[in-house]
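Subject: Structure for your review

Dear colleague,

Please find below the structure that I would like to hand over to you. I would be grateful if you would read the notes with the structure open.

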Amino acid sequence: MHSDKKQGRMANLEMLRCVAMMMVVVLHYLGKGELLSDLAGDRLGAGAVAAWLLEAFCIVAVNVYMLISGYFLCCSSFKVSRLIRLWLQVWVYSVGVGLLGALSGVLTGVDFDAHYLLTLVFPISMGHYWFMTAYVFLYLLLPFVAAAAGRMTRQQLQAALSLLLFTFCILKSVLPLRLETDGMGYDCLWYLCVFLTAAYIRRFGIPFLEKSKNCLFLYVGGCLLIFGGTFLLRAVYLRTGSLGRMLKMCLEYNHILPFLAAVGLFGAFARMKLKGRCAELFCRIGPCTLGVYLLHENLGFRYAWQSWFGAGKAAAAMAEGGPGAVGTLLLWTAAAVLGIFVCGIFVDMLRKGIFDLLHRGLLKFRAYGGLLKRLERVDGLFVPEKEARE
């Protein structure tokens, strides 16, 4: 699984990218659809328990997505042109979908005011999409981080990564209190840890991950421990009234359990081999998965689409209880995931097609061609000497 060589698109990891994005949709459906019952409540029905179990198995999604990105980025050179394309993609979704949601009357949960408009126009700086803010800031550090990770010895990278994980992951996972510096995994610092983990896996490998059964054990076992740890904290709280601020600690991205479970799932897919049309399909739609996120997490639709896919009906069934609650929850969740994912892929393919047409059209203008050449020269500054010679 470890390699220093550059690789093109890997169908198995593109498939994992799709799975991770589907998990993200599940998390947003359960959370923003108000389907996760209060853990501090006295009683939780079968449907509520099932929702939290589903949350536990999907909470690895964001870490997995960043592991995939880190696995490829750690062997790539920084490109200003790629940063610009990424920013344009985010900006088009932010402004286009945000205005569409407001003007169509779909907008809920957010006021249409000056702050809303500023968030649409400056999506990275205003944190419209927290993941993209963290990702762009991490990408800006790529010239330093990738160069360091590529030159370090195994022992050096182990030591550096161990110190980072201890500071931002292990410490918060074992202490029975909230650390003031804990960003809960919603920041660039945590994804620097995940990025370096992916770089280590690619360069040196991890013997435990060489067997698929070990990877699956790490993922499934980790998710079950997340679920069990959450309900153990709940039991402690209900009995003693303490640790109320920590009830969801095991479900935070930078907790050791979601991190290890994500590494396990990544390792399991990294061992897979996909060929033929299935491989071609995932290689085609994998790059469009970011569009799924940018569409359904846009402020214009963020709190609206859950009701379109029966979140209210699922919540009502869970409140009534009975054997049908779990089935209703799973049915509407699957419908939401399928609907949002397919729609998001289609919209991003359409967006990509429009971008390609604009690019070909603008190539007719000398100024645009000159700009591209200048960007090429700037990109060339970050290409390692060895690659430049080759």
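The notes below cover the surface, then the pocket, then the cavity.

This is a predicted model, in which local features need pLDDT of at least 70 and side-chain atom pairs count only at pLDDT 80 or more, while totals for chains, interfaces and linings use all residues. Residues are numbered from 1 along each chain as its sequence is written, and side-chain values use heavy atoms, with hydrogens and water left out.

Surface patch

Ile-84, Trp-87, Leu-88, Trp-91, Val-92, Leu-118, Val-121, Phe-122 and Met-126 make a nonpolar surface patch of about 730 Å². A patch here joins residues with over 30% relative accessible area and no salt bridge, with nonpolar side chains (Val, Leu, Ile, Met, Phe, Trp, Tyr) joined within 5 Å and like charges within 9 Å. Accessible areas come from the Shrake-Rupley method with a 1.4 Å probe, and for residues only the protein chains shown count as cover. A salt bridge is a side-chain nitrogen of Lys or Arg within 4 Å of a carboxyl oxygen of Asp or Glu.

Helices H4 (80-103) and H5 (114-121) each supply at least two residues of this patch, and H4 gives the largest share, five residues. Helices are DSSP runs (H or I, at least four residues), numbered from the N terminus. Val-92 lies in H4 and is partly exposed, at a relative accessible area of 31% (partly exposed is between buried, under 20%, and exposed, over 50%).

Largest pocket

The largest pocket has a volume of about 1,600 Å³. On a 1 Å grid over the protein atoms alone, a pocket is an open set of points with protein on both sides within 12 Å along at least five of seven lines, a cavity is a set where a 1.4 Å probe fits but cannot get out, and lining residues have an atom within 4 Å of a point. A volume is the space filled by probe spheres set on the points, which are joined across faces, edges and corners.

Of its 45 lining residues, Ser-81, Arg-82, Arg-85, Leu-86 and Gln-89 lie nearest the centre of the pocket. H16 (324-362) gives the most to this lining, with eight residues. The lining has 21 nonpolar, ten polar and 14 charged residues.

Largest cavity

There is one cavity of 30 Å³ or more, and the largest cavity has a volume of about 140 Å³. Its lining includes Met-21, His-28, Tyr-65, Trp-130 and Glu-297. H1 gives the most to this lining, with four residues.

Yours sincerely

Notes. Buried < 20%, exposed > 50% of the residue type's maximum accessible area, 1.4 Å probe, protein only. Nonpolar A, V, L, I, M, F, W, Y, C, P; charged D, E, K, R; others polar.
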